[in-house]
Amino acid sequence: MWFDVFAVRMIVELLLFGALLVGVYFLLHMTVLKLPRCTAATKLHGKTVIVTGANTGIGKTTAIDLARRGARVILACRDKGRGEAAVQEIIQETGNKQVIFMQLDLASLKSVRSFVDNFLKSEPRLDILINNAGVANGGKTEDGFGMMFGVNHLGHFLLTVLLLDQLKESGPSRVVTVASKAHEMGKVDFNCLMTHRDLVPGNSDYEIFQGYCHSKLCNVLFTYELAKRLEGTEVTCYSLHPGFIKTELGRHATSWWNVLLNTVSLFSVDAESGAQTTLHCALEQGIEHLSGHYFTCCAPVLKINPKARDDAVAKKLWELSESFCGLS
Ligand SMILES: NC(=O)c1ccc[n+]([C@@H]2O[C@H](COP(=O)([O-])OP(=O)(O)OC[C@H]3O[C@@H](n4cnc5c(N)ncnc54)[C@H](OP(=O)(O)O)[C@@H]3O)[C@@H](O)[C@H]2O)c1
């Protein structure tokens, strides 16, 4: 009999402990993990926006918000089926029929050029370019660059440079690049870039992790250098960390990378929350003087890691990227 009472007491205590853990988890999500929302009321009727990687994750929720505001939204995606499915979904959800798929594979410089040709032939203006697409896996691009360097940085570099004239003509206009807090662990090794056409020499799990961080530092440095080159124009640019967001980013990840991403995902929030800082950078009025800055939680990060503000590295990365893209 005393055993039954003890067992019941144990079960009740375990249930209470479990309920406490679930409660703390939800409380964390409602407080510390809750991300601020973009408060800009900006409408976008008559404006054209490109969002790369807009068929899923943060890119898709960003595109939905921009479509709700009346913009003509170009979903620049690599997969026709996934891109067109997202177009239908966004049109249905927002009622805005000006949502269009255009094929863009950032892992191919030829594809970037042909996307820009198609875009310039059919679209008379560009008001906001959102460099959102990203990968966190190894491999090589069509042109032999490391996949993360090629997609996260180089493809977006070429895309932006080729669209600059259109952005200038449509000014005031903006370029928003989705980087990551992971940039703080990154570095740009030019010897490695020259030897391997990649930011890391190999494809081990740890090198993939490092390569992701390095590519995200490239995003922040690219934006910093771009702002300098855009001084005196009506085009401004921003980079950002979206928060830790539940998306498909880890879909190709292997072993411990996956364990890490799954653990982080316990403390991540939904893709709609993940779009808020992108939207803030794209839409908030009065942040133009912060061009080149890195944002998170809908605010500029004023005490940024010095390596993300290294003028010499930013300039060298720009020049090397130009040469890799055949622009110089
Ligand atoms: N999730 C996070 O916690 C987090 C944190 C910090 C920063 N970020 C950054 O946020 C951005 C969006 O990522 P996400 O989390 O939303 O990931 P996601 O759900 O995996 O979405 C990534 C998007 O990029 C596209 N993409 C991949 N390779 C491409 C290529 N070669 N050409 C064109 N598009 C390509 C994907 O297309 P497919 O569907 O065809 O693969 C997909 O649409 C990335 O830059 C990522 O680095 C995310």
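**Close-up views of a predicted protein model**

**View 1. Helix α2 and the glycine that follows.** Glycine 70, which comes after α2, has a positive phi near 100 degrees; helices here (H or I, at least four residues) and strands (E, at least two) are DSSP runs numbered from the N terminus. This is a predicted model, in which local features need pLDDT of at least 70 and side-chain atom pairs count only at pLDDT 80 or more, whereas totals for chains, interfaces and linings use all residues. Residues are numbered from 1 along each chain as its sequence is written. Helix α2 has 12 residues and reaches 17 Å from its first C-alpha to its last, close to the 16 Å expected at 1.5 Å a residue, the expected span being 1.5 Å times one less than the number of residues. The helix is mostly covered, with 11 of its 12 residues buried, among them Gly57, Lys60, Thr61, Asp65 and Leu66. A residue is called buried if 20 or more other C-beta atoms lie within 10 Å of its own, exposed if 12 or fewer do, and partly exposed in between, with C-beta atoms placed from the backbone.

**View 2. The shell around the ligand.** Of the 30 residues around the ligand, those that come nearest are Gly53, Gly57, Ala133, Gly134 and Thr247; a residue is near a molecule or strand if its C-beta atom, placed from the backbone, lies within 6 Å of it. Helix α2 (residues 57–68) gives the most to this shell, with 3 residues. By class, the shell holds 13 nonpolar, 12 polar and 5 charged residues, where Ala, Val, Leu, Ile, Met, Phe, Trp, Tyr, Cys and Pro count as nonpolar, Asp, Glu, Lys and Arg as charged, and the others, Gly among them, as polar.

View 3. Spanning residues 109–122, α4 has 14 residues and reaches 20 Å from its first C-alpha to its last, close to the 20 Å expected at 1.5 Å a residue. Leu109, Val112, Phe115 and Phe119 are the buried residues to look for in this helix. Seen down the axis of α4, the buried residues fall within an arc of 115 degrees, so they line one face of the helix; the arc is that of the directions from the helix axis to the C-beta atoms. An α-helix has 3.6 residues a turn, so residues three or four places apart point the same way. On the other side of α4, Lys110, Asp117, Lys121 and Ser122 are exposed. The cover over the buried residues includes β2 (72–77), β3 (99–103) and α5 (147–169), a contact being two residues whose C-beta atoms, placed from the backbone, lie within 7 Å.

**View 4. Phenylalanine 295 in strand β7.** Phenylalanine 295 lies in β7, which covers residues 294–296, and counts as buried because it has 22 C-beta neighbours inside 10 Å. Leaving aside residues up to four places away in sequence, phenylalanine 295 touches Tyr238, Leu240, Thr277, His280, Cys281, Pro300 and Val301. Its C-alpha atom is separated by 47 Å from that of isoleucine 11, 284 residues apart along the chain.

**View 5. Glycine 202 between two helices.** Glycine 202 lies in the loop between α6 (190–196) and α7 (205–229), and with 13 C-beta neighbours inside 10 Å it counts as partly exposed. Glycine 202 and alanine 41 are 161 residues apart in sequence, and their C-alpha atoms are 46 Å apart in space.
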